[in-house]
Structure formats: structure tokens, C-alpha cells
Amino acid sequence: MGQDGNGMPTVSFTSALQRFLPVPPTQVDCATVSEALAVVFASRPTLRGYVLDDQGALRRHVNVFVNGELVRDRARLSDTVDANDDIYVFQALTGG
Amino acid sequence: VAEQVGRLRKEVNEMTDRLHVGTRKGLFEIVRDNGTWDVADARFLGEPVTAVLADGDRLYAALDLGHFGTKLWRRDGSDEWPELPAPAFPPKPEDAGDDPHPWSLGKIWQIEPGGVDGRLWIGTCRADCSAPTMVVTPGR
């Protein structure tokens with residue numbers, strides 16, 4: 001469920017990102033993950049380069065989950081989202 | 001003349017008494033005072049600083065944030081560090097399909113003054129560390 005269940009999906013960002021760019025959870029009117037991120041990037045242009053690479057694909061070590069499920073389309077983020085979905089942008093966990 | 005020499009000597013001493021050191025764990029400003037070097041300031045603690053340029057009163061720092069890519073910051077006389085747009089690859093052309101390397105910035109390994117206001121030369125490599133190259137980017 002979205003944060004207050006008003007029908008719009010909510011986009012949240014990992015706390016690891018907040019060190020550089022404070023981004024509060026945002027409710028957005030969107031049909032896909034790509035659209036959701038585009039709305040957030042419009043108000044915070046610098047954030048785009050933290051999440052996407054130069055070609056607009058998801059960065060290699062960044063993951064996006066929709067209701068806890070990894071998105072399938074990392075290149076174009078065309079995965080669809082429904083009302084009240086939770087979209088979460090998270091850094092990939094790597095060994096070492 | 002003595003006053004001018006004194007001022008010049010002071011400026012030279014200030015230039016040679018200050019080091020900016022980029023490390024895997026942050027950017028350090030090291031200052032010599034009465035013959036003793038000491039860390040005067042530290043920024044970006046815990047982050048890899050891959051290149052530094054001191055250009056007049058401006059200081060540029062390139063960081064490799066790992067998960068979130070390579071970024072560029074600038075301090076311009078004050079204590080503020082606004083982020084600058086990092087160099088970026090253009091959209092990959094249709095006919096570049098057989099290029100095995102990613103069209104995405106990897107690291108910044110050198111920053112040099114561009115010779116005119118508004119320009120920097122920046123040494124980069126691609127996201128797979130291939131194809132080192134120099135690009136020009138808006139700076140000052």
C-alpha cells in the first residue's frame with residue numbers, strides 16, 4: 001500500500017542516497033516505474049545521474065523494487081505500477 | 001618595493017604551505033604552520049576522491065560514489081560545495097551496436113583548467129574502465 005492509500009504510487013529512495021541528496025518519499029501519478037522516476041527527477045534533476053546511467057538505464061549497482069519485487073526492465077524501466085504501489089530505489093548489495 | 005616583495009613572498013608561501021590530497025577515504029586539506037604539517041580540513045569522508053584541481057580560489061573534486069556513479073563538486077571561495085554536472089556520454093548511436101563498451105562515464109582521473117572561463121579538461125574512462133579519453137566540460 002502507498003503511504004496514505006490515496007491511490008497514487010509512492011516512490012522512496014534508500015538512505016544511502018540521502019547522504020548526498022535528501023529525497024523524501026513522493027507520491028506520483030504514473031503508470032510505469034520510468035514515469036514515476038521522471039516525475040521525481042523533474043523536481044530534482046541532479047538525482048537522475050545517481051539512479052540512471054548516461055543512457056538512461058538503471059545503474060549497475062542500483063535496484064528498483066515494486067512492492068518488494070525487482071523490476072524486470074532495467075534498460076527502460078517499463079514495468080507497470082498500480083494505484084497504491086510502493087516503488088523503492090535501493091543500492092545493490094555487493095560482496096567484498 | 002619591500003612591501004611588494006613581502007606580499008609576493010607571503011603569496012608564494014601560502015601556495016607552498018597547502019596541499020589538497022584526494023584519497024580513497026575522502027579529500028584532505030593539509031596546511032604547514034611553523035614548519036609543521038597538519039590536517040586543516042576534511043571533506044567527503046569515506047568516499048573515493050579520484051581527482052582534485054586547485055584553480056585559484058576554486059577547488060574541484062571528482063568522486064567515485066560506487067553505486068551512484070562519478071560526481072563532480074566545486075568549492076568556490078566559500079565553504080559551500082555545490083555539485084556540478086559530471087561529463088556524460090551522448091545517446092548511443094544506432095550504428096554503434098557492435099561497440100562492446102558501455103556508453104556511460106566510469107571514472108574521472110584528471111581535472112585540468114580549460115584555459116578560459118567556463119571550461120575544464122577532464123580525463124575520464126568508460127564505465128568498464130576502457131577507452132581513457134579527455135573531454136571538455138563547463139567548469140568555472
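Predicted model: local features only at pLDDT ≥ 70, side-chain atom pairs only at ≥ 80, totals over all residues.
## Strands around the largest cavity

In chain B, β2 (26–33) and β3 (36–43) each put at least two residues into the lining of the largest cavity. Residues are numbered from 1 along each chain as its sequence is written, chains are lettered from A and ligands numbered from 1 in the order in which they are written, and side-chain values use heavy atoms, with hydrogens and water left out.

What lines the largest cavity? The residues are B:H20, B:L27, B:F28, B:E29, B:D41, B:A42, B:R43, B:L59, B:R75 and B:W81. By class, that lining has five nonpolar, one polar and four charged residues. In this scheme Ala, Val, Leu, Ile, Met, Phe, Trp, Tyr, Cys and Pro are nonpolar, Asp, Glu, Lys and Arg are charged, and the others, Gly among them, are polar.

The volume of the largest cavity is about 50 Å³, and the count comes to one cavity of 30 Å³ or more. Rolling a probe the size of a water molecule over the atoms shows where empty space is left. On a 1 Å grid over the protein atoms alone, a cavity is a set of points where a 1.4 Å probe fits but cannot get out, while a pocket is an open set with protein on both sides within 12 Å along at least five of seven lines; lining residues have an atom within 4 Å of a point. Grid points are joined across faces, edges and corners, and a volume is the space filled by probe spheres set on the points.

B:E29 is found in strand β2 of chain B. Buried or exposed? B:E29 counts as buried because its relative accessibility is 9%; the cut-offs are under 20% relative accessible area for buried, over 50% for exposed, and partly exposed in between (1.4 Å probe, protein chains only).

The side chains of B:E29 and B:R18 are joined by a polar contact of 2.7 Å. A polar contact is a pair of N or O atoms within 3.5 Å; within protein, one must be able to donate a hydrogen and the other to accept it, and residues adjacent in sequence count only if both atoms are side-chain atoms. Leaving aside neighbours within four places in sequence, B:E29 is in contact (heavy atoms within 4.5 Å) with B:R18, B:L19, B:H20, B:D38, B:V39, B:A40, B:D41 and B:R75.

## Where the chains meet

Between the two chains, 16 residues of chain A are in contact with 17 residues of chain B. The area buried between chain A and chain B is about 1,300 Å², with carbon and sulfur atoms giving 53%. A:Y50, A:D54 and A:Q55 supply 44% of the area that chain A buries against chain B, more than any other three residues. Buried area is the accessible area (1.4 Å probe) that two parts lose on being put together, summed over both.

A:Q91, in strand β5 (residues 86–91) of chain A, has contacts in both chains: not counting residues up to four places away in sequence, A:Q91 touches A:T14, A:A16, A:H61, A:V62, B:H67 and B:F68. A polar contact of 2.6 Å joins the side chains of A:Q91 and A:T14. At 14% relative accessibility, A:Q91 counts as buried.

## The largest pocket

The largest pocket has a volume of about 510 Å³. Its lining has 23 residues, and the closest to the pocket centre are A:R59, A:R60, B:S104, B:L105 and B:A127. Strand β8 (residues 105–113) of chain B gives the largest share of that lining, three residues. By class, the lining divides into seven nonpolar, eight polar and eight charged residues.

B:E112 is also found in strand β8 of chain B. B:E112 is partly exposed, with a relative accessible area of 32%. Not counting residues up to four places away in sequence, B:E112 touches B:L53, B:L120 and B:W121.

## Two positive phi values

A:N67 is not a glycine, yet has a positive phi of about 50°. A:N67 sits in the loop between β3 (62–66) and β4 (69–70) of chain A and is partly exposed, at 44% relative accessible area.

For B:F44, phi is near 55°, again positive in a residue other than glycine. B:F44 is in the loop between β3 and β4 (49–55) of chain B, and is buried, with a relative accessible area of 16%.

Note on methods: Helix = DSSP H or I, 4+ residues; strand = E, 2+ residues; numbered from the N terminus.
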